[in-house]
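User: I have a model open and want to know what stands behind the terms used for it. Please walk me through them.

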Amino acid sequence: EPERPLNVRSQAFMSILQQKETVTIGVCALYLPAVGLGEDDLLEGIGVASPGDMAALLVAGDSRVISF
């Protein structure tokens, strides 16, 4: 079983981050259709991150990428 940050589900973790930090949260654009979800299913303030967006964040020196 994958580890859960702060022992919470991903939706709760994203809500905690939104309340405590200045963050940009994006869900993988490839993941959403794979699980039968779309952008309208995301929490307010959470967007869809394209593979190119994610690649840019992964190589940027000032970004922190959390995946789970």
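User: Leaving aside neighbours within four places in sequence, which residues is L42 in contact with?

Analyst: L42 is in contact with V27, L32, G47 and V48. Contact means heavy atoms within 4.5 Å. The model is predicted: local features need pLDDT of at least 70, side-chain atom pairs count only at pLDDT 80 or more, and totals for chains, interfaces and linings use all residues. Numbering starts from 1 along each chain as its sequence is written, and side-chain values use heavy atoms, with hydrogens and water left out.

User: What makes up the largest nonpolar core?

Analyst: Eight residues: F13, M14, L17, I25, V27, L32, L42 and I46. A nonpolar core is a set of buried Ala, Val, Leu, Ile, Met, Phe, Trp, Tyr and Cys residues joined through side-chain atoms within 4.5 Å. α1 (10-20) gives the most to this core, with three residues. Helices (H or I, at least four residues) and strands (E, at least two) are DSSP runs, numbered from the N terminus.

User: Why are the buried residues of α1 said to line one face?

Analyst: The buried residues are F13, M14 and L17. Seen down the axis of α1, they fall within an arc of 100°, so they line one face of the helix. The arc is that of the directions from the helix axis to the C-beta atoms. These residues pack against β1 and β2 (46-49).

User: Why is L57 called partly exposed?

Analyst: L57 has a relative accessible area of 37%. Buried means under 20%, exposed over 50%, and partly exposed in between (1.4 Å probe, protein chains only). Therefore L57, at 37%, is partly exposed. L57 sits in helix α3 (residues 51-59).
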